Amino acid sequence: MSGIWMPFVPAAEVQYVQYGSTVTLNCKIFYRHDTTWFRNNPDSTPTVILSASLTEAQPVQGFQLNLRFSLEIMNRSLALKITNIEEGDLGLYYCIANVETALTVGRGTTLQVSSQGSSWSIFQHWYCLVVGFVLLVMVLAVCITHWKAHFNRENTN
């Protein structure tokens, strides 16, 4: 079989985000190794987000896909910071480093949008409450009308 060998990506944890928010993803590979971050969406091939190394205790970015992506040192690794989350940012993120001549893959993180707290979610809840209230009023109106008609028929007999 020819082609590029892709290392095993450990099971991903899920992190819920809101559009416009900021998130930092931990690599879990010791920061002394050159690190590359990837994003994989179900609809496309894996994309290199950024690559970096540590020089004089400071992260130095090599390639950077977008200015919204940057690095932070977190738990002794080069963590990926994403600002102003957009729809295209959702997907599986993982880091890869060359550790002693072997590719090592950090635990992946899947970014998914959270509907809690979003304005659309609040609108949906209020919409359901209003529709439920209107239906309740309509059922009560039908019951009252039926009861009045029944009461009037008994009084005329």
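Modeller: Searching the whole structure turns up one disulfide, a term for a pair of cysteine sulfur atoms within 2.5 Å. This is a predicted model, in which local features need pLDDT of at least 70 and side-chain atom pairs count only at pLDDT 80 or more, while totals for chains, interfaces and linings use all residues. Residues are numbered from 1 along each chain as its sequence is written, and side-chain values use heavy atoms, with hydrogens and water left out.

Biologist: Why is the link between Cys-27 and Cys-95 called a disulfide?

Modeller: The S to S distance between Cys-27 and Cys-95 is 2.0 Å, which is within the limit, so the pair counts as a disulfide. In general, such a link is a covalent bond between the sulfur atoms of two cysteines.

Biologist: Why is the disulfide of Cys-27 and Cys-95 called right-handed?

Modeller: It is called right-handed because the torsion about the S-S bond is about 95°. The pair links distant parts of the chain, since Cys-27 sits in the loop between strand 2 (23–25) and strand 3 (35–40), whereas Cys-95 belongs to strand 8 (residues 91–99), 68 residues away. Strands here are DSSP runs of E with at least two residues, helices are runs of H or I with at least four, and both are numbered from the N terminus.

Biologist: What makes Ser-114 count as buried?

Modeller: Buried means under 20% relative accessible area, exposed means over 50%, and partly exposed lies in between (1.4 Å probe, protein chains only). Ser-114 has 16% relative accessibility, so it counts as buried. Ser-114 lies in the loop between strand 10 (109–113) and helix 1 (119–156), and, not counting residues up to four places away in sequence, it touches Tyr-16, Val-17 and Gln-18, where contact means heavy atoms within 4.5 Å.

Biologist: Why is the pairing of Lys-28 with Glu-13 called a salt bridge?

Modeller: A salt bridge is a side-chain nitrogen of Lys or Arg within 4 Å of a carboxyl oxygen of Asp or Glu. For Lys-28 and Glu-13 the N to O distance is 3.5 Å, so the side chains meet in a salt bridge. This pair, too, links distant parts of the chain, with Lys-28 in the loop between strand 2 and strand 3 and Glu-13 in strand 1 (residues 13–17), 15 residues apart. Lys-28, at 47% relative accessibility, counts as partly exposed, and Glu-13, with a relative accessible area of 31%, is partly exposed as well.

Biologist: How do you know that Asp-89 forms a salt bridge with Arg-68?

Modeller: The closest N and O atoms of Asp-89 and Arg-68 are 2.7 Å apart, so the pair meets the rule. Asp-89 is in the loop between strand 7 and strand 8, and Arg-68 is in the loop between strand 5 and strand 6, 21 residues away. Arg-68 also forms a salt bridge with Glu-86, where the closest N and O atoms are 3.5 Å apart. Together, Arg-39, Arg-68, Glu-86 and Asp-89 are linked in a network of salt bridges.
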